[in-house]
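Here are some exercises to work through with the model open beside you. Try each task yourself, then check the steps below it.

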Amino acid sequence: TDYNPFKDVAETDYFYKAVLWAVEKGITKGVAEDMFGPTQACTRGQIVTILWRLEGQPAVSSACPFTDVAVGSYYENAITWAAANGIVTGYSATAFGPDDQITREQMATILYRYAKNYKGYDVSVGESTNILSYTDAFDISEYAYAPLQWACGAGLINGMGDGGLAPQGQANRAQAAAILHRFCETLELL
C-alpha cells in the first residue's frame, strides 16, 4: 500500500491517490508533517509554484512583472517563469494576487495556458464540449470559457454533482491535487 503520512487524508477520499502522488512527486507537501489540509484554500501562487516544480524549477532571467509578488517569496521565481511563458497574465500588468484563493475557472485557465503555450499541446479537445448544460454556465467569465471547455472535455474538471460547475468557486487543496493529477495523467506528464 501507499505510505500515507496524513491524518486528514483517508483511502476512501476521492483525492487520496492524487494527494499521495503530488507529495511523492515533490510538487506539493502537507501543511504540517501529518496534515495535508485538503479543505484549505489553494492560492494562485501555490498553483503556479506547483507547475513550476513539475517542470523542474526552471531558472528565470527576468524580474517579476507583478509588484505584489514579494522579492524572495517562495512563489517569486514560479510566477516570474509563468508570466514569461504566457501561462499567467495577472489581474493587470502589475497585479497578480498571489495569496488570493484560486477559483476553479482561474485554475482551468492557468492549466490551459500551460498546456497550450508552454507544452505546445493541442487544446482543441474541448471545443465540442457543451458547458452550457451546466446550471451555472452563465457565471463563467469570458476569458475562462475556452479553458473550461477544454478542462471539462479532457476530463480534468468535473461538475459539482448538483448540475453546476462552480466556476467562481474556490478550489481547495484536495480539488487542486485531483485536477492536477488528472491533468498529468491526461497529458502523460507522469
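**Exercise 1.** Does Gln149 count as buried or exposed?

*Solution.* First, some ground rules: this is a predicted model, where local features need pLDDT of at least 70 and side-chain atom pairs count only at pLDDT 80 or more, while totals for chains, interfaces and linings use all residues. Residues are numbered from 1 along each chain as its sequence is written, and side-chain values use heavy atoms, with hydrogens and water left out.

Step 1: get the cut-offs. Buried means under 20% relative accessible area, exposed over 50%, and partly exposed in between, using a 1.4 Å probe and protein chains only.

Step 2: apply them. Gln149 has 13% relative accessibility, so it counts as buried.

Step 3: Gln149 sits in helix 5, residues 145–153 (helices are DSSP runs of H or I with at least four residues, strands are runs of E with at least two, and both are numbered from the N terminus).

Step 4: look for its partners. Ignoring neighbours within four places in sequence, Gln149 is in contact (heavy atoms within 4.5 Å) with Gly126, Glu127, Thr129 and Ile131.

**Exercise 2.** Find Val48 and work out which residues it touches.

*Solution.* Step 1: go to helix 2, residues 44–54, where Val48 is found.

Step 1: check the accessibility. Val48 is at 1%, so it counts as buried.

Step 2: list the contacts, again skipping neighbours within four places in sequence. Val48 is in contact with Ala78, Ile79, Trp81, Ala82, Val88, Phe96 and Ile110.

**Exercise 3.** How do helix 2 and helix 3 cross?

*Solution.* Step 1: take the geometry. The axes of helix 2 and helix 3 (residues 76–84) come within 8 Å and cross at roughly 80 degrees. Axes here are lines fitted to C-alpha atoms, for helices over the stretch in contact, and angles run from 0 to 180 degrees between N-to-C directions.

Step 1: classify the angle. Under 35 degrees counts as roughly parallel, over 145 as roughly antiparallel, 65 to 115 as roughly perpendicular, and the rest as oblique. Helix 2 and helix 3 are therefore roughly perpendicular to each other.

Step 2: name who touches whom. Helix 2 brings Gly45, Val48, Thr49, Leu51 and Trp52, and helix 3 brings Asn77, Ala78, Ile79, Trp81 and Ala82.

Step 3: sort them by class. You get 7 nonpolar, 3 polar and no charged residues. (Ala, Val, Leu, Ile, Met, Phe, Trp, Tyr, Cys and Pro count as nonpolar, Asp, Glu, Lys and Arg as charged, and the others, Gly among them, as polar.)

**Exercise 4.** Now try helix 1 and helix 6: at what angle do they pack?

*Solution.* Step 1: helix 1 (residues 16–24) and helix 6 pack at about 75 degrees, with their axes 8 Å apart.

Step 1: that angle makes helix 1 roughly perpendicular to helix 6.

Step 2: the contact is made by Ala18, Val19 and Trp21 of helix 1 and Ala177, Ala178, Leu180, His181 and Cys184 of helix 6.

Step 3: by class, the residues of this contact are 7 nonpolar, 1 polar and no charged.

**Exercise 5.** Where is Thr80, and which residues is it in contact with?

*Solution.* Step 1: Thr80 lies in helix 3.

Step 1: Thr80 is buried, with a relative accessible area of 2%.

Step 2: leaving aside neighbours within four places in sequence, Thr80 is in contact with Val60, Ser62, Ala63 and Cys64.
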